[in-house]
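Please read them with the structure open beside you.

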Amino acid sequence: MAVRMKEQQQTVFPNGSERNSVNGGQMRAAVYRGESLISLETVPVPKISEGEILVRVHACGVCGTDLKKIEYGLVPPPRIFGHEFAGTIVETGSGVTRFRVGERVAAHHHIPCRKCFYCRKKLFSQCEFYRRTGTTAGFEPAGGGFAEYVRVMNWIVEEGTVLIPDDVSFEEASFLEPLNTCLKALETAGLESGEVVVVYGQGPVGLLMMQSARCEGARVVGLDFFESRLAISRELGAEVALHPERDNVRDAVARMTEGRGADLAIVAAASSRAIEDAQGIVRRGGRVLLFAQTVPGEMVPVNASRICVEEKKLIGSYSASIELQEKAAHMIFKRKINVARLISHRFALELLPEGIHLASHPSEQSLKVVIQP
Ligand SMILES: [Zn+2]
Ligand SMILES: [Zn+2]
């Protein structure tokens with residue numbers, strides 16, 4: 001994507017009460033202004049209300065879902081994206097007792113109601129309330145991590161904000177939400193210890209998924225077209241890491257499974273060919289989980305008889321589970337998962353378009369891109 005950068009401009013909110021006194025009431029933010037258009041602007045520091053906190057952002061991961069929203073202009077502008085953030089609390093609203101100014105935190109941006117039809121079925125990301133974004137740096141809430149300060153709303157303060165231990169960096173903590181989404185996918189897929197899992201794509205998400213599956217006792221095959229990523233995949237625990245065009249993936253999986261095929265394939269790459277291939281790589285009754293197909297209306301070929309006759313399941317998983325928050329925090333804070341190794345580039349806020357470009361055009365050297373506002 002060629003993300004254009006608009007010149008710096010000043011945004012004046014019509015209502016002066018929107019303004020906070022922190023930092024003279026002004027901050028820098030990277031504002032999405034339309035399809036592939038990011039503008040670096042001076043905007044008011046968000047004002048917080050009762051039960052809310054204000055966080056000075058120190059690290060914010062660039063997520064694939066943000067990339068797609070910006071690249072295809074999937075949502076109306078203006079918005080400030082960035083939901084994988086961690087930082088320091090600089091202000092607490094009245095009634096906040098769980099947190100104090102100066103504490104280091106990471107926050108989830110969606111929390112379910114726990115009461116509705118979908119929540120009762122534990123389909124938290126389908127909950128109507130869950131879709132409300134609870135962190136913002138101004139405009140229509142969209143995460144807000146691509147700004148200096150972010151306002152965390154009361155329901156996120158109560159249930160979606162996590163204290164970061166002293167020996168864990170902001171960057172590491174910014175992986176809480178992405179890791180949670182991987183754990184949720186594995187739970188959705190019913191992964192059992194000892195199963196053989198093929199992960200399509202060993203980018204930052206695929207490597208996170210590979211490590212998560214390993215932690216759950218799976219034997220993992222990582223697939224990617226970049227040699228450098230295959231090397232990191234082996235280093236971080238994949239039993240086998242292969243190049244889909246050069247290597248015979250089927251034979252390798254067959255050797256690991258007495259000729260049956262993989263128990264589970266996870267498509268962590270936006271590739272319809274990978275979906276087709278995954279349907280062939282899993283055993284009869286195996287599962288294929290879609291994890292990167294987030295663009296509405298995208299059609300892909302599926303082999304219907306493999307679903308019907310061979311009883312292979314085609315499933316999906318999206319976003320995080322509130323019930324896995326503690327588990328994700330434990331895995332990162334105790335370094336069961338190496339997230340630091342996944343960061344390849346760090347950019348100042350001013351260079352967000354460059355970071356977005358890099359994240360959407362991966363190279364041999366690039367993995368996770370982190371913004372440091
Ligand atoms: Zn994300
Ligand atoms: Zn609900």
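1. Start with Ser 319. This serine sits in the loop between strand 15 and helix 11. The model is a predicted one, and in it Ser 319 has a positive phi of about 65 degrees, although it is not a glycine. Most residues other than glycine have a negative phi. Is Ser 319 buried or exposed? Ser 319 counts as buried, because its relative accessibility is 11% and the limit for buried is under 20%.

2. Now look at Ser 36. Here too phi is positive, about 55 degrees, and the residue is not a glycine. Ser 36 belongs to the loop between strand 2 (26-34) and strand 3 (37-44). Its relative accessible area is 12%, so Ser 36 is buried.

3. Check the backbone at Pro 77 and Pro 78. The peptide bond that joins them is cis, with omega at about -5 degrees. Most peptide bonds are trans. Pro 78 is found in the loop between helix 1 (64-71) and strand 5 (84-92).

4. Go next to the zinc ion (ligand 1). Which protein atoms are its donors? They are SG of Cys 63, NE2 of His 83 and OE of Glu 84. These donors lie 2.1 to 2.5 Å from the zinc ion. Along the sequence, the donor residues follow the spacing C-x19-H-E. His 83 and Glu 84 are both buried.

5. Turn to the charged pairs. Side chains of opposite charge can pair when their charged atoms come close. How many salt bridges does the structure hold? It holds 24. The next points take up some of them.

6. Lys 122 and Glu 323 form one salt bridge, and their closest N and O atoms are 2.7 Å apart. Lys 122 is in the loop between helix 2 and strand 7, while Glu 323 is in the loop between strand 15 (313-316) and helix 11 (325-333), so the pair ties together parts 201 residues apart in sequence. Glu 323 is partly exposed, at 43% relative accessibility.

7. Glu 239 and Arg 219 also meet in a salt bridge, at 2.7 Å from N to O. What does this pair tie together? Glu 239 lies in the loop between helix 7 (227-235) and strand 12, and Arg 219 lies in strand 11, so the pair links parts that are 20 residues apart in sequence. Glu 239 is partly exposed, with a relative accessible area of 41%. Arg 219 is partly exposed as well, at 31%.

8. Arg 283 and Asp 263 make a salt bridge of 2.7 Å, N to O. Arg 283 is in strand 14 (residues 282-290) and Asp 263 is in strand 13, so this pair ties together parts that are 20 residues apart in sequence. Are these two residues buried or exposed? Both Arg 283 and Asp 263 are buried. Elsewhere, salt bridges with shared partners join Arg 28, Arg 56, Glu 148 and Glu 350 into one network.

9. Look at helix 8 (residues 249-256). Its residues Val 249, Ala 252, Val 253 and Met 256 are buried. Why do they count as being on the same side of helix 8? They do because they cover an arc of only 95 degrees around the axis. The buried residues of helix 8 pack against strand 10 (196-200), strand 11 (219-223), strand 12 (240-242), strand 13 (262-267) and helix 9 (272-281).

10. Compare helix 7. Its buried residues are Ser 228, Arg 229, Leu 230, Ile 232 and Ser 233. Their cover includes helix 6 (204-215), strand 11 and strand 12. Just after helix 7 comes Gly 237, with a positive phi of about 125 degrees.

11. Finish on the surface. Which residues form a nonpolar patch there? Phe 117, Tyr 118 and Leu 123 do, and together they have about 290 Å² of accessible area. Leu 123 is in the loop between helix 2 (117-120) and strand 7 (135-136). With a relative accessible area of 41%, Leu 123 is partly exposed.

How values were computed:
Residues numbered from 1 in each chain as written. Chains lettered and ligands numbered in written order. Predicted model: local features only at pLDDT ≥ 70, side-chain atom pairs only at ≥ 80, totals over all residues. Heavy atoms only, no water. Donors = N, O, S within 2.8 Å, 3.2 Å for Na, K, Ca; no water. Buried < 20%, exposed > 50% of the residue type's maximum accessible area, 1.4 Å probe, protein only. Patch = residues over 30% accessible without salt bridge, like charges linked within 9 Å, V, L, I, M, F, W, Y side chains within 5 Å. Areas by Shrake-Rupley, 256 points an atom, 1.4 Å probe, with all protein chains shown as cover. Salt bridge = Lys/Arg side-chain N within 4 Å of Asp/Glu carboxyl O. Helix = DSSP H or I, 4+ residues; strand = E, 2+ residues; numbered from the N terminus. Arc of directions from axis to C-beta. Contact = heavy atoms within 4.5 Å.
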